[in-house]
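Here is a short briefing on one protein chain. It covers the overall fold, the cores, a helix pair and a loop residue.

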Amino acid sequence: MAWLRSLARSSTHLPRPLPPILSISSSFSSPAHPPGSPPAAFGGLAPTEPGREKPRVVVLGTGWAGCRLMKGIDTELYDVVCISPRNHMVFTPLLASTCVGTLEFRSVAEPVGRIQPAVSRSPGSYFFLARCNAIDPEAHTVHCETVTDGNAGSDLNPWKFKVSYDKLVIASGAEASTFGIHGVREHAIFLREVYHAQEIRRKLLLNLMLSDVPGISEEEKRRLLHCVVIGGGPTGVEFSGELSDFIIKDVHERYSHVKDYINVTLIEANEILSSFDVRLRQYATNQLTKSGVRLVRGVVKDVQPQKIILNDGTEVPYGLLVWSTGVGPSPFVHSLPFPKSPGGRIGIDEWLRVPSVQDVFAIGDCSGFLEDTGKPVLPALAQVAERQGKYLAELLNMIGKAGGGHANSATNVELGDEFIYKHLGSMATVGRYKALVDLRQSKEGKGISLAGFVSWFIWRSAYLTRVISWRNRFYVAINWLTTLVFGRDISRI
């Protein structure tokens, strides 16, 4: 035992390894600070050295655009650094299904490390759980701050760092539009992230169980079990359809005491699914009505803790309020000193570059064509973002092979064909094994429009093939089969 004690004493004198970020660069070293207090700055990644290091592509965001770009980038040419407040991509078309237990949450979340393994394995590639607060185009750096849980009892404070880039891709997405309506952020739940779906699920099941407790008045029971959806776009319609399915197939069987009190109301200012064919819109309206969804045309004026007020003065009590009225630029995009496209998104040219600065690109919902390009601002759709990510990955690979990967070295590189978007069509499910498939390239164009069970089969097949990994395709297929045989899981975890 003496030799073990001797070994333990000698091991206490071994040098401790430096944190990875600090060991990467000393050029952004943090100033001295009192022991125990968080540092004002925590190092960073220094500029790459041409001839000795690969150029560095920094990607802000893990949405459809950013992840498709990372999947296609050639890591033999570039080091990839991804900076995002989440470490996964969300397969948003199936997110509504997780709210009611049709799918498990992990089935729609794809880790960044699986999309681009280099960020977990390659020495010069990283994923940082952080937010970008500012961009310095002159110095080719981004200023970031780490993301922590923010729990009241946590002593882990966020810290700041910098990352130098050779090529910067802004793919930070957009945020839900509230149109400045009072109370939306405080009382409504959005449906854009996995934690939104988890919150909806927990709230829905909590209200179901509370409404079954003795002593609750009928009025309060009806309020608790009134689910209100604001917004008649694809997300709002699909969530309403999933919710009506859940009520018909599971609530009526497992919550028989309260089955007559639960209701779903969908509120839309104009027409639901306005981008779809007129015949499909009418079909969706009929199907939702048959499923028990009440359709109301109106504009929300105010949101209060237990009721919403419409512009005509109508008061609508609710127990669950889901807000799905489209997206708009985030505060981060608003703060950037770049030209903006109509609508406030980052202005880009035909090659998805931010034309006022060198080596900066923008893709996805945060970007839009400048007016002088003559191109319309593209809709905030997953297929637009995915197509832009694929195009930009090929463009950056071509630039890297031409020797223009490092900062300020691509000015003489011929960029080739500009980005052209062609709409592949739209799909939406309305519940009860029914869906809509609209394959027109534009709202005014002509094309195939389908509705019914065949469309539902096409909808499921298409999205199953679009799920990024075989792992998640397997999860989704098994979840669908399990739900079909055993019903939805109603555990409140």
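Is the crossing of α14 and α15 left-handed or right-handed? The crossing of α14 and α15 is right-handed; a crossing is right-handed if the near helix is turned clockwise from the far one by less than a right angle, and left-handed if anticlockwise. This is a predicted model: local features need pLDDT of at least 70, side-chain atom pairs count only at pLDDT 80 or more, and totals for chains, interfaces and linings use all residues. Residues are numbered from 1 along each chain as its sequence is written, and side-chain values use heavy atoms, with hydrogens and water left out.

**Overall fold**
- The protein chain has 15 helices and 25 strands (DSSP runs numbered from the N terminus: helices are H or I, at least four residues; strands are E, at least two).
- Of its 493 residues, 49% count as buried (under 20% relative accessible area; exposed is over 50%, partly exposed in between; 1.4 Å probe, protein chains only).
- Among contacts (heavy atoms within 4.5 Å) with a separation of 6 or more, 64% join residues 24 or more positions apart.

**Helix pair α14 and α15**
- Helix α14 spans residues 453-466 and helix α15 residues 470-486.
- They pack at an angle of about 150°, with axes 9 Å apart (axes are lines fitted to C-alpha atoms, for helices over the stretch in contact; angles run from 0 to 180 degrees between N-to-C directions).
- That angle makes α14 roughly antiparallel to α15 (over 145 degrees; under 35 is roughly parallel, 65 to 115 roughly perpendicular, the rest oblique).
- From α14, R460, L464 and T465 meet R473, V476, A477 and W480 of α15.
- These contact residues divide into four nonpolar, one polar and two charged (nonpolar: Ala, Val, Leu, Ile, Met, Phe, Trp, Tyr, Cys and Pro; charged: Asp, Glu, Lys and Arg; polar: the others, Gly among them).

**Nonpolar cores**
- The largest nonpolar core has 117 residues (a core is a set of buried Ala, Val, Leu, Ile, Met, Phe, Trp, Tyr and Cys joined through side-chain atoms within 4.5 Å).
- Helix α13 (residues 382-401) gives the largest share of this core, eight residues.
- I135 is among the residues with the most contacts inside the core.
- Beyond four places in sequence, I135 touches residues including L60, V142, I170 and F338.
- A second, separate core of 16 residues includes A176, I230, V303 and V316.

**Loop residue A407**
- A407 lies in the loop between α13 and β23 (426-431).
- A407 is partly exposed, at 27% relative accessible area.
- A407 and H140 are 267 residues apart in sequence, yet 7.7 Å apart C-alpha to C-alpha.
- Leaving aside neighbours within four places, A407 contacts H140, Y165, D166 and D359.
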